[in-house]
Amino acid sequence: MTSQLVFQLSGSCNNYPWGKKGKQSLAAQLCSQTPGTGFHIKDDEFYSEMWFGDYPDFPARKLDTGEPLAEVLQRNKEQLLGKKVIEKLGGQLPYLPKILSIAKALPLQLHPNKELAKKLHEKDPSNFTDPNHKPEIAVALSKFEVFAGFKPLEQIAPLFQLEPLRQFNPEQPDKWTDETLRTVTRNLLKSDFDTVKKVQTELAKIPRDKLGDAAYILDLLPRLQGQYGPEDAGSLVALLCMNFMVFNPGDAIWIPADGIHAYLSGDIVECMARSNNVLNTGFCPPGDRNNADLFVNTLTFKAHSRDDVYLPSQKSDKSKAGKTVVYKPPMSEFDMLKTDLSAGETEELTGSDGPGVMIVTSGNGVMHADGVRHQLKEGFIFFIAPGISIKLETQNGLQTHMAVV
Ligand SMILES: [Zn+2]
């Protein structure tokens with residue numbers, strides 16, 4: 001028996017050079033579990049991301065027919081997307097879920113807000129493929145290291161009193177505002193390679209005790225230099241100006257539109273509003289960098305401490321057995337549910353106003369949905385139509401992540 005409202009999907013992997021290699025990549029491991037796709041992991045290939053939304057790059061497909069998810073959804077919008085998504089969220093899957101396996105820093109980046117995205121898309125549609133914003137969340141599946149948002153000004157300003165950094169700083173420490181930080185970020189990003197290299201060399205010689213709580217900079221600097229060389233100004237912006245955080249599985253962050261971020265290492269579930277727009281400025285070849293002035297002028301200073309980017313989980317009111325938490329970013333496109341079941345446990349989740357996309361991130365079990373019993377295995381991905389409740393069972397333990405509207 002099959003259901004047209006709940007069906008299995010296959011995801012697509014990509015191969016950016018920051019991804020983990022071969023079988024070390026969780027993205028590749030999970031992708032390879034879905035049967036019948038012809039995907040096999042090559043030992044010498046980098047596997048950075050698995051995407052499993054309806055976005056045309058790296059699309060999810062309906063497993064039994066091989067059709068792109070977008071085509072299936074467009075044929076039956078009423079039942080598969082529901083009224084709320086058709087009327088208020090663009091009539092497509094309003095979010096894009098991914099698994100990332102990160103071996104080295106992703107480009108230092110921001111995703112433009114709706115207004116700028118629209119302008120960039122009109123001017124340069126081949127580079128800015130969407131008129132939409134792209135706020136995103138990341139839920140850690142392993143230890144996860146990340147640079148995200150700016151530190152509080154009172155932690156940044158004193159660093160720019162140090163000898164090698166004074167040249168970038170127009171203000172006394174007590175006079176810093178967000179506009180000072182914007183200027184300093186611009187000055188760093190627009191410095192020539194020789195200056196950046198010289199500053200990094202001198203920064204590495206500063207005694208630990210002079211840096212206080214920021215002494216971790218001395219540990220991370222050689223690591224970033226090893227990844228992108230000593231001429232990459234991204235290292236200076238990330239280390240001096242941004243929050244550096246180390247998360248455990250289940251911890252999550254939230255990046256608003258225009259928020260600066262660079263993921264450094266780990267395996268994560270990522271979900272974002274449906275868009276692929278990005279401005280890059282560091283941790284990538286110079287040819288891949290967008291205009292530094294455009295980047296700096298777009299920056300938001302909403303996230304100004306670790307607490308501003310940390311996204312706590314809370315008990316989900318869709319859960320009957322209390323084994324599910326929800327991550328609720330302050331945006332309308334999606335929430336993320338995480339269900340953790342020990343051996344022998346069950347969970348029931350009530351239906352949503354919009355479509356759900358669920359991935360089994362570990363373990364195995366069974367899902368009952370729309371009158372059909374589905375086998376669940378690590379890496380399996382399912383589409384669940386609006387209003388459909390699901391029941392999960394496991395004999396050995398099961399973890400799922402599900403994006404819902
Ligand atoms: Zn991003």
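Author: Cys284 has 6% relative accessibility, so Cys284 counts as buried, being under the 20% cut-off. This is a predicted model. Cys241 is at 0% relative accessibility, so Cys241 counts as buried too. The structure holds zero disulfides. Cys284 is in no disulfide, and the nearest cysteine sulfur belongs to Cys241, 17 Å away.

Two cavities of 30 Å³ or more are present. The largest cavity holds about 80 Å³ of space. Its lining is made of 16 residues. Nearest the centre of the largest cavity lie Thr350, Ser352, Ile384, Ile388 and Met402. By type, the lining of the largest cavity splits into ten nonpolar, five polar and one charged.

The second largest cavity has a volume of about 30 Å³. Gly149, Phe150, Gly259, Ile260, Thr300 and Ala303 form its lining. Three of these lining residues are nonpolar, three are polar and none is charged.

Last, the domain. An unreviewed UniProt entry carries the annotation "domain: Phosphomannose isomerase type I catalytic" for residues 6-153. Across residues 6-153, the chain is 25% helix and 27% strand. The end C-alpha atoms of that stretch are 49 Å apart.

How values were computed:
Residues are numbered from 1 along each chain as its sequence is written. This is a predicted model: local features need pLDDT of at least 70, side-chain atom pairs count only at pLDDT 80 or more; totals for chains, interfaces and linings use all residues. Side-chain values use heavy atoms; hydrogens and water are left out. On a 1 Å grid over the protein atoms alone, a cavity is a set of points where a 1.4 Å probe fits but cannot get out, and a pocket is an open set with protein on both sides within 12 Å along at least five of seven lines; lining residues have an atom within 4 Å of a point. Grid points are joined across faces, edges and corners, and a volume is the space filled by probe spheres set on the points. Ala, Val, Leu, Ile, Met, Phe, Trp, Tyr, Cys and Pro count as nonpolar, Asp, Glu, Lys and Arg as charged, and the others, Gly among them, as polar. UniProt positions are given in the numbering used here, feature names are shortened, and annotations may be inferred rather than shown by experiment. Helices (H or I, at least four residues) and strands (E, at least two) are DSSP runs, numbered from the N terminus. A disulfide is a pair of cysteine sulfur atoms within 2.5 Å. Buried means under 20% relative accessible area, exposed over 50%, partly exposed in between (1.4 Å probe, protein chains only).
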